[in-house]
Amino acid sequence: MIWNKEKEMLPENSKKAHQGELLKRLIRRVYDKIPFYQDRMDDAGIQPDLVSSIADIKRLPFTTKDDLRDNYPFGMFAVPMDHVTEIHTSSGTTGKPVIGGYTRGDIDVWSEVMARCLAASGTTEKDVVQNAYGYGLFTGGLGVHYGARRIGATVVPISGGNTKRQIMILQDFKSTILTCTPSYCLYLAEVGEQMGVDFSSLPLKAGNFGAEPWSNNMRKEIERRLSLLALDIYGLTEIIGPGVGNECEYKCGVHICDDHFYPEIIDPETSEVLPYGEVGELVITTLTREATPLLRYRTRDITRLIPGQCECGRTSIRMERIMGRTDDMLIVRGVNVFPSQIEEVLVNIEGVEPHYQIVLERDGALDELEIHVEMNERLISDEIKGLEQAERKIRDDIESMLGIKVGVRLVEPKTIARSEGKAKRVIDKRTL
Ligand code: ADP
Ligand code: ZN
């Protein structure tokens, strides 16, 4: 379902003109209000009136996560504190958390884009949204909350954790939409199955899952076990929180709300802009953010933009499911490895669960990569031969995908820590 046909189906030309106008205003605002940007632009000899269309964006400076950390906490705010109605921080997956400020207008935009994302998975005012993203400083909980409220759905603000209660409420409140991280969703499935719940008999129909990388195979697993439509939702605190984009029912890329967030793909090494279709680092400019606007923010997330129109009728640009973040990319003996590639293989193998961890160690000069994978109860009761076969199959499949040697260790069921939010997939024991 398309929430805002006018905005989500804007013809290409009007969209470009609209984005150009917004960019012009944005440049003026950040130059006048944020000393960091004024210095950056003065140093680079960029006048705020340089921008005449969206194509000029290429000439503007980038913003990095370090820039935000250097200006912690409020150095990047473009409005006085009395206009700031809310503050959030990132989860801090990769270091000191960064801050996002919101004016009333920003919350309004957030509600709008989140309504688009939830509507894409079929949410209407008749639905009951069980929101198992964490409430608090993390943007997941409140972001979904605002979107569901904008639609007029019934929100169940259960937040993350307390998994048995989640299952109980899923049944008792007849929740139809579930929102949480994909890893937590799988854990919900596991606990529900143990409790003897038949998910196919519940009214649950769809879910928006995101906040961490996951694979298409993981999607299939979630859809099968919970018997729902599982769509990918993307976002980050620096830009707005969840709501930057969401898949539509055609599942062919995340539609970015590009009337608010302008995406580009760059080569992370040279920071050169790459043509549509090429894989690189996602860069986003917040065209409408008032409290903490960002020019060409380097997200460190790796993906590609997908050219062409989607069958759903939306004209918003699509991006491929995030492959991983540059911070998570492991370089093992010169080969780039993303945890999501390993997950893709594991989900297809009989006898193991997609609960895994990647342990990296250094043996002399060589990196050793060992993958710990949970067996399921069936495999564990198998003969030694079965275990050896499963182990070999995982190793062979991963080695042929990555082209490097890996170790595989099958571990007892339920021994890999479950997460209520973002899963921790990599344990790096190398001392570099
Ligand atoms: P962080 O996790 O960096 O502390 P946030 O809580 O703001 O900060 O989360 C944003 C990050 O989460 C994104 O930059 C991206 O790496 C990851 N993320 C969010 N949604 C998705 C998704 N659908 N697929 C993959 N990664 C995602
Ligand atoms: Zn679509």
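Where is the place of K414? In this predicted model, K414 is found in the loop that runs between strand β20 (407-411) and strand β21 (426-428). The backbone of K414 is worth a first look, with a positive phi of about 60° although the residue is not a glycine. K414 counts as partly exposed, because its relative accessibility of 43% falls between the limits of 20% and 50%.

A positive phi also turns up at S159, again in a residue other than glycine, with a value near 65°. S159 belongs to the loop between β4 (154-156) and α7 (163-172). Here the relative accessibility is 18%, so S159 counts as buried; the cut-off for that class is under 20%. P73 itself is part of the loop between α4 (65-70) and β1 (86-89).

Attention now turns to the ligand. Ligand 1 sits in the largest pocket, where 20 residues surround it. The closest of these are S91, T93, I233, T237 and D301. Sorted by class, the shell consists of seven nonpolar, seven polar and six charged residues. Strand β7 (residues 229-236) supplies five residues, the largest share of the shell around ligand 1.

The side chain of S91, one of the closest residues, places an N or O atom 2.5 Å from an oxygen atom of ligand 1. For K65, an N or O atom of the side chain is 3.4 Å from an oxygen atom of ligand 1. P213 takes part through its backbone instead: a backbone N or O atom of P213 lies 3.4 Å from a nitrogen atom of ligand 1. On its own, ligand 1 has 560 Å² of accessible area, and the protein covers 97% of that area.

The C-alpha atoms of K96 and K65 are separated by 9.9 Å, while the two residues are 31 residues apart along the chain. K96 is placed in the loop between β1 and β2 (99-102). With a relative accessible area of 47%, K96 is partly exposed.

A second pair of this kind involves I239, in the loop between β7 and β8 (241-247). The C-alpha atom of I239 is 9.6 Å from that of H260, and 21 residues separate the two along the chain. The relative accessible area of I239 is 0%, and the residue is therefore buried.

Finally, is the lysine K15 buried or exposed? K15 lies in helix α2, which spans residues 12-33. At a relative accessibility of 4%, K15 counts as buried, since that value is under the 20% cut-off.

How values were computed:
Residues are numbered from 1 along each chain as its sequence is written. Chains are lettered from A and ligands numbered from 1 in the order in which they are written. This is a predicted model: local features need pLDDT of at least 70, side-chain atom pairs count only at pLDDT 80 or more; totals for chains, interfaces and linings use all residues. Side-chain values use heavy atoms; hydrogens and water are left out. A residue is near a molecule or strand if one of its heavy atoms lies within 4 Å of it. A polar contact is a pair of N or O atoms within 3.5 Å; within protein, one must be able to donate a hydrogen and the other to accept it, and residues adjacent in sequence count only if both atoms are side-chain atoms. Accessible areas come from the Shrake-Rupley method with a 1.4 Å probe; for residues, only the protein chains shown count as cover. On a 1 Å grid over the protein atoms alone, a cavity is a set of points where a 1.4 Å probe fits but cannot get out, and a pocket is an open set with protein on both sides within 12 Å along at least five of seven lines; lining residues have an atom within 4 Å of a point. A molecule sits in a cavity or pocket if more than half of its atoms lie within 2 Å of its grid points. Helices (H or I, at least four residues) and strands (E, at least two) are DSSP runs, numbered from the N terminus. Ala, Val, Leu, Ile, Met, Phe, Trp, Tyr, Cys and Pro count as nonpolar, Asp, Glu, Lys and Arg as charged, and the others, Gly among them, as polar. Buried means under 20% relative accessible area, exposed over 50%, partly exposed in between (1.4 Å probe, protein chains only).
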